[in-house]
Amino acid sequence: MREEPKERLDPRAKTLWRLSGFLEMLPVLAAGLGLGWAVARYGDQPPAMAAVPVLATLVATLVNAFVLPELRWRRWRYEIREDEVDLQHGVFWVVRTLVPFARIQHVDTRSGPLQRRFGLATVVFYTAAGPNRIPELAAPVAAEVRDRIAELTRERDEL
Amino acid sequence: MSSEPRHLHPAAMVIEGIRAVRGWASAAAIPGLAALLGGLSWWVLALLLLGVVSLIFGAALWGFLSWRATVYWVSGGAFHLRSGVLQKKERTIPLEHVQSVDTVQGILQRLFGVVEVRIETAGGGSSEPDAALPAVSRKAADKLRRELGGEGVEPGVEDVPVPRIIRRLSTRDLLVAGATSGQIGPAAALVGAASQFFDELYDRFLSEEAARSLLEALAPHAFAAAALLLLGVGLLAWLLAIAGTVLAYAGFTLSRSPDGRNVHISRGLLNRYEATIPVSRIQAVRVVEGVLRQPFGLASLRVESAGYGRDEGVSTTLFPMLPRREAAELLAAVDEGLAADPPLTPLPRRAFRRYVLRALLPALLAVLAAAGAWLAGAGAVWFSAVLPLPVLAVLYGALRYRDAGWALEGGRLVVRSRLVARTTSIAPRRRLQSRSVLRSPLQRRVGLATFRVRVASGGGGTGVEVVDLDLPSAWRLMDALGPSSASDRDPVPSR
């Protein structure tokens, strides 16, 4: 139980996360640039002060777009065990979750426009207490995982 | 079993009509108020009168039409409900999907001696019941309940078998429950809002001098007046809280159906609620010891139940107040699997510091902010006011640490924690939807973890968690609460 789950996400996930991490930082970056410009233009501060918000948002973008995807991918693991699904994720807060098949009600795969570009999909399985997901699997793998969970769920249907 | 299409009780016309008026009145309120504020003249009054008359007429018509349009029946193994005046709706609920049949008696329904029937399915969980019949006579409601198979009764018996009463709330307990309800906060807010309103009135009708002389006459010292006012508000809020509890929980009766599959709750003075909760749907129970109740050894019981997402009070209170040590006994009467009062394993020593720090950090921030404000030129009053905060925070953190604990007993996870009230949650292993071990960077350094299970509740889920237990115990819980390991320990008939 204490050893990590075996399976990893698709390696393309890293590229996807880098891209989406960069995209979601764009507004923040724009705000940082704007603030820097405003300080340089209207504030009577030394010019170095104007660089502070720009640099800060730049660093945040770099972290979110390049450092975190790598760390997140390394941590994200899953395994379909004999009677439950085993998930582990989280860069700083490491979360390990076990979901028994007997509690899973239905399973979906879904993929957003960006995911489809990369040929990736997310498996979402629902319990009565809400959804759990395995993101960024190669589309055929995701379909396989979905079917396997669905089948195992049917076998252990005791409510 | 099939039956003829049936209409609602004629009282439904009045009830639906009044409901419609309520909807329309709120729409008409703003133009109405505007007209009133514009000054009363004869033609405004005439217009108003016309509006009221057409409202009443419209409501009567609407009530009649909706009564005529609403038909329900049971046939082909399903419950059917046809309704809708303008847009016709027909709803079919297969009997095996019917989760519970509740009856609620609002003030209007009481007036006519009828009940509202609410039918819930497992797929529900939204705020609306899946089907509601606003006015049905008692007899028709009982008949419908039998047809829906809610009670396992032999056909032919006219009245529903008397459920076995587990516990009743006595009048004395009801008053104690109100007095210790902890609803003073919300009630005080209400009083505050009301006083705001009276302030306005008072400003309008009393000149400044008159107000001041009145105040001076009442209490010569401003401080005494303020204290008196505060005391008055507190007392009023307390009385309101008691009244609220009495209205909601009067006549609280918890009973169990003869076959033991359902528990029934009935309660309420003005609005009469009768809820039926299938025991198999109970996911977890919580024993809540409020701050005001704990010193007297009192607690309330709540249930987390799947397919019940409605407002908190109706079905989540299993019993409003009882002595703490009788909780396990009452739970055993509901279901053996829920009763547990084992000795709890405390958290490791090294978790103490984390609990205290967690409480202390916001307090220290407040002190820092106040110190900053003091330096910036604000008075020292604020600073001295927040100064005791850190001490209180440390005490609070220590209390939370002392009260936290967990146990695994007979396939049940028992967790105690405190936020304000001390809450003991009991979650049977068979009801756990998922379980997780969470570790923050700091927890990893000291070998602690947070263990969390999720149970179904209402439309979504809710968590039961132990914060900062040692990592080996967390993994052990992870193993022990799994589906496979349990089958050899506590055999459960599968399928």
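**Close-ups of a predicted two-chain model**

A search through the whole structure turns up 31 salt bridges over all chains. The model is a predicted one, and the legends below pick out a few places to look.

**View 1. Where chain A meets chain B.** Here 23 residues of chain A are in contact with 28 residues of chain B. How big is the area buried between the two chains? It comes to about 2,200 Å², and carbon and sulfur atoms give 50% of that. The size of an interface is often given this way, as the accessible area lost when the parts come together. The rule finds 1 salt bridge across this interface. Look for Arg435(B) and Glu84(A), whose side chains meet in a salt bridge at 2.9 Å, N to O.

View 2. An unreviewed UniProt entry places the feature "domain: YdbS-like PH" at residues 73-149 of chain A. Over those residues the chain is 25% helix and 53% strand, with the end C-alpha atoms 22 Å apart. Zoom in on Glu79(A) and Arg81(A): their side chains meet in a salt bridge of 3.7 Å, N to O. Arg81(A), at 21%, is partly exposed.

View 3. Val59(A), Leu62(A), Val63(A), Phe66(A), Val67(A) and Leu71(A) together make a nonpolar surface patch of about 500 Å². Val63(A), one of these residues, sits in helix H2, which covers residues 47-75 of chain A. With a relative accessible area of 35%, Val63(A) is partly exposed.

**View 4. A salt-bridge network in chain B.** Which residues are linked in this network of salt bridges? They are Glu289(B), Arg324(B), Asp341(B), Arg402(B), Asp403(B), Arg418(B) and Arg422(B). Take Glu289(B) and Arg422(B) to begin with: they form a salt bridge, and their closest N and O atoms are 3.1 Å apart. This pair links distant parts of the chain, 133 residues apart, with Glu289(B) in strand E12 (residues 282-289) and Arg422(B) in strand E18 (residues 422-428). Both Glu289(B) and Arg422(B) are buried.

View 5. The side chains of Asp403(B) and Arg418(B) meet in a salt bridge at 2.6 Å, N to O. Asp403(B) is buried, with a relative accessible area of 1%. Arg418(B) counts as buried too, at 7% relative accessibility.

Notes:
Residues numbered from 1 in each chain as written. Chains lettered and ligands numbered in written order. Predicted model: local features only at pLDDT ≥ 70, side-chain atom pairs only at ≥ 80, totals over all residues. Heavy atoms only, no water. UniProt positions renumbered as here; feature names shortened; annotations may be inferred. Helix = DSSP H or I, 4+ residues; strand = E, 2+ residues; numbered from the N terminus. Patch = residues over 30% accessible without salt bridge, like charges linked within 9 Å, V, L, I, M, F, W, Y side chains within 5 Å. Areas by Shrake-Rupley, 256 points an atom, 1.4 Å probe, with all protein chains shown as cover. Salt bridge = Lys/Arg side-chain N within 4 Å of Asp/Glu carboxyl O. Buried < 20%, exposed > 50% of the residue type's maximum accessible area, 1.4 Å probe, protein only. Contact = heavy atoms within 4.5 Å. Buried area = accessible area lost by both parts, 1.4 Å probe.
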